Each structure stands twice: as structure tokens, then as C-alpha cells.
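Please read the following note with the sequence and the model open beside it. The points are numbered so that each may be checked in turn.

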Amino acid sequence: MSKLTPAQKRRLARAYSRAASAELAAQRERRRYVRHMREIKEREFKRLRAIALILSLPFVLLLAIVLFLSWYILVIRLLWNPSSVVIIP
């Protein structure tokens, strides 16, 4: 078993220190990358949500009009001729 000289011990300690510093820097960069990707995903989600809202508005309005007209026609038929409307129990 060989003994290390004080100079070798210093070099080994510096090498460990550099390796630890490099590992910390790599972890910091990974966290920064993850944070950046999360921000990009959040912006993309908000943009897609806005587009979906804009695209769904005409369909919602059309559905509301159709439902309103169907109920309106049903009420008119009931008032005009109640026996012509068949309500299924």
C-alpha cells in the first residue's frame, strides 16, 4: 500500500473539488433547462387554450340557437295545438 505525499494529496483534493464543482454546474444547468422547457410548455398551452376557445365559440353559439329554437317551436306547437305534441314518458 503506497502512501500519498502532501503534494499528491493536494492534487487529489483539487481533482475532487473540480469534479464536485462540475457536477454542481451540470445539475444547475439541468434545472435551468427543465425550468426553460416548463415555461415553453406553459406558453404553448396558453396559446392552444386561446385557440380552442376561439374555435369553440361558434359551435357553442350554434348549439344555443338550435336549442332555443327547438324549445321555442315546441312551446309554439303546444300553444297552437296541444294534441299535436307527443311527449314520451
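The points below treat the basis of the model, the fold, the surface and the side-chain contacts.

1. Basis of the note. The structure is a predicted model, in which local features need pLDDT of at least 70 and side-chain atom pairs count only at pLDDT 80 or more, while totals for chains, interfaces and linings use all residues. Residues are numbered from 1 along each chain as its sequence is written, and side-chain values use heavy atoms, with hydrogens and water left out.

2. Secondary structure. The protein chain contains one helix and zero strands. Helices (H or I, at least four residues) and strands (E, at least two) are taken as DSSP runs and numbered from the N terminus. Helix α1 covers residues 6–80.

3. Burial and surface. How much of the protein chain is buried? Buried residues make up 1% of its 89 residues. Here, buried means under 20% relative accessible area, exposed means over 50%, and partly exposed lies in between (1.4 Å probe, protein chains only). The protein chain exposes about 8,800 Å², of which carbon and sulfur atoms supply 70%. These areas come from the Shrake-Rupley method with a 1.4 Å probe; for residues, only the protein chains shown count as cover.

4. Positive patch. Arg-28, Arg-31, Arg-35, Arg-38 and Lys-41 form a positive surface patch. Patch residues have over 30% relative accessible area and no salt bridge; like charges are joined within 9 Å, and nonpolar side chains (Val, Leu, Ile, Met, Phe, Trp, Tyr) within 5 Å. Lys and Arg count as positive and Asp and Glu as negative, whereas His and the chain ends are not counted. The place of a charge is NZ of Lys, CZ of Arg, CG of Asp or CD of Glu.

5. Nonpolar patch. Ile-65, Phe-68, Leu-69, Tyr-72, Ile-73, Ile-76 and Trp-80 make a nonpolar surface patch of about 820 Å². Ile-76 is placed in helix α1, and its relative accessibility of 40% is why Ile-76 counts as partly exposed.

6. Salt bridges. How many salt bridges does a search of the whole structure find? The search finds three. A salt bridge requires a side-chain nitrogen of Lys or Arg within 4 Å of a carboxyl oxygen of Asp or Glu. In one of them, Arg-30 is joined to Glu-23, with 3.5 Å between the closest N and O atoms. Arg-30 is partly exposed at a relative accessible area of 45%, and Glu-23 is partly exposed at 40%.

7. Salt bridges about one turn apart. Arg-32 pairs with Glu-29, the closest N and O atoms lying 2.8 Å apart. Arg-32 and Glu-29 are three residues apart in helix α1, so about one helical turn separates them. Both are partly exposed, Arg-32 at 49% relative accessibility and Glu-29 at 45%. Glu-44 pairs with Arg-47, with a closest N and O distance of 2.7 Å. Because Glu-44 and Arg-47 are three residues apart in helix α1, they too are separated by about one helical turn. Glu-44 is partly exposed at 34%, as is Arg-47 at 45%.

8. Aromatic pair. The count of aromatic pairs comes to one. Phe-68 and Tyr-72 form this pair, which is stacked, with 6.0 Å from centre to centre and 20° between the planes. Rings of Phe, Tyr and Trp (its six-membered ring) pair if their centres lie within 6.5 Å; planes under 30 degrees apart count as stacked, over 60 as edge-to-face and the rest as tilted. Phe-68 and Tyr-72 are four residues apart in helix α1, so they are separated by about one helical turn. Phe-68 is exposed, with a relative accessible area of 54%, whereas Tyr-72, at 46%, counts as partly exposed.
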